[in-house]
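Visitor: I am new to this structure and would like to learn how to read it. Please show it to me, and then take the features in turn.

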Amino acid sequence: MRIGALLGAASLALTACGGSDSGSGDDDGPITIGVSLPLTGDFAEPGKGVQRGYEAWAADVNDAGGLLGRKVELKILDDQSNADRVVADYESLIAQDEVDLVFGPFSTRLVVPSARVADEYGMLFVEPAGAAPEVFEQGFGNLFYAAPAVANDHYNYLAEWIEALPADQRPKTAAYAAMDDPFAMGTAYGLKEKMEAAGIETVVDEKYPPNTTDFSSIAAKIEASNADMIVGGTQYQDAVNLIVALQQLDYQPKLAAFSTAPTNPEFPEAIGDKTEGILSPTGYTEQADVPTNKEFVESYTERNGNPPGEDEANAYTTGQVVAAAVEAVGCAEQGECQQKLIDWLHENEVDTVVGPLSWDADGRPQGAHMIQQWVGGEIKIVLPEDVKEADIIYPKPAW
C-alpha cells in the first residue's frame, strides 16, 4: 500500500535549549515534534540544512491544514554535535517536554544514541542522516532511515560504471581518505571494497578525526602516490580542506569523488569554483519527477531564496514519512499510538520527494543512490543512465 504523505505545516517553536511548550495530549492543540540537531560543532553545516528541511516541511504542512486537522510545532534543540548532549536533549524532549513525536538528528554518531533513547520510550524514530551499517545492527525496531540507500551502497552505480570501462581506461590505483565517522567511512570503504574486487590497487588509506582541519600531510601522501582516483569519505568542511590542500600540491586525479560536500550550495565558492568533474552520491535531485517534489522545490525556494539540497530533502522526507503514518493511523501522541505508527511503516510504502520508500525490519531503505557530477558549473545526475541529466566526464579536468 502506497500512501502519499502530506507536505505542509506552519508555526515553529525554535529554542536553543530545554523548556517551554509540552506535548498537547488533546485533539485541538498543536502536535509538538521534538528534534535535536548539531547547529554548532563539527556537523553544524549539514545540521543547519536539516533544520531548514524540517522547517520547510512544517511550514508546508501547516499551510495545508496541519496533521489530523492540527497545527504542528517544532521544538529544536542544539546538541552541539555531541553524543552525550543529544541523549540529554531527547530525554528532555520526551520525558519532560512530553512532545508528541520526535524526528532524528544529523550524523550516525548522533543517530545511534538518540535512537536508543527513543527506543527506550517506545517512540517512532524516523531519521534523515544515519546511513552507516552500525545504525541497522542495533536491533532498533522503531527506526526508519528516510533516504533511498545505506552508506555502503551509495557508490554502487559508480562502481558498476568503473568496472565496465575498457581495461586501458580504467583507473589502476586509488587513494582513500575518510573521516573517522561511521557514515563517512561507510561511503568511502563501500566503494573501496568494490574497487579492490575489480583489481584497482589501494595506494593510500587514511582515516582522520572529525575535528581535523590541517590536511597537508594526508594530501602529501595522496600526491606522492599519484593515485588515478581519490575517494573522500567526508562531511563538508573536511572535504573542502582536503580538496584545497590537494589543489595546492597540483595533484590531478582522473577521478575524484567525495560524499556529502559537493551537493552543498557553498561548495563551489569554498574550493575556488574548481568543481568541474567532481563526483558525489546523492539520494535527491531538485529535478526529480516524483510526487510532491515540484511543490517542495517551489515552496522551499520561495522561502529561502535558493532550491533545496540533499540534507534539506532528506529532512523534508522524514516529515513526509511520519505524516503518512500519522494520517493513516489517526493518532500522534506518546503511548500506544507510537507502536501503531511503527507497525504501519513496517508494512507500507510512502511516496516522498526522494521517491517511494519502504524498509526492512531494521529500518534499511530498499533503494539506491544516484551519482552526481559538476558539469559546466552545475551539479547534474550522471548515473544511472535512465535518469541522467548529463554524460559523465572522465577523466576529470584539472582543478
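Visitor: How many Å separate the centres of domain 1 and domain 2?

Guide: The centres, taken over C-alpha atoms, are 29 Å apart. Domain 1 covers 31–149 + 288–357, and domain 2 covers 152–282 + 370–383; such bounds come from an automatic or database domain assignment. This is a predicted model, in which local features need pLDDT of at least 70, side-chain atom pairs count only at pLDDT 80 or more, and totals for chains, interfaces and linings use all residues. Residues are numbered from 1 along each chain as its sequence is written, and side-chain values use heavy atoms, with hydrogens and water left out.

Visitor: How is the interface between the domains described, and what area is buried there?

Guide: The size of an interface is often given as the accessible area lost when the parts come together. Buried area here is the accessible area (1.4 Å probe) that two parts lose on being put together, summed over both. Between domain 1 and domain 2 it is about 1300 Å², with carbon and sulfur atoms giving 56%. Glu45, Arg109 and Glu310 supply 36% of what domain 1 buries against domain 2, more than any other three residues. In terms of contact (heavy atoms within 4.5 Å), 14 residues of domain 1 meet 16 residues of domain 2.

Visitor: Which side chains meet Arg109 in a salt bridge?

Guide: Side chains of opposite charge can pair when their charged atoms come close. A salt bridge is counted when a side-chain nitrogen of Lys or Arg is within 4 Å of a carboxyl oxygen of Asp or Glu. Arg109 pairs with Asp181 at 3.6 Å, N to O. There are two salt bridges between domain 1 and domain 2, and the structure holds 13. Another salt bridge joins Asp205 and Lys192 at 3.9 Å, N to O. Asp205 is in strand E9 (residues 201–208) and Lys192 in helix H5 (residues 182–197), 13 residues apart. Helices (H or I, at least four residues) and strands (E, at least two) are DSSP runs, numbered from the N terminus.

Visitor: Where is Glu98 placed, and what is its phi?

Guide: Most residues other than glycine have a negative phi, and most peptide bonds are trans. Glu98 has a positive phi, near 55°, and sits in the loop between helix H2 (83–96) and strand E5 (101–102).

Visitor: Which peptide bonds are cis?

Guide: The bond from Leu383 to Pro384 is cis, with omega near 5°. Tyr394 and Pro395 are also joined by a cis peptide bond, with omega about -5°. Pro384 lies in the segment after strand E15 (378–383), and Pro395 is likewise placed in the segment after E15.
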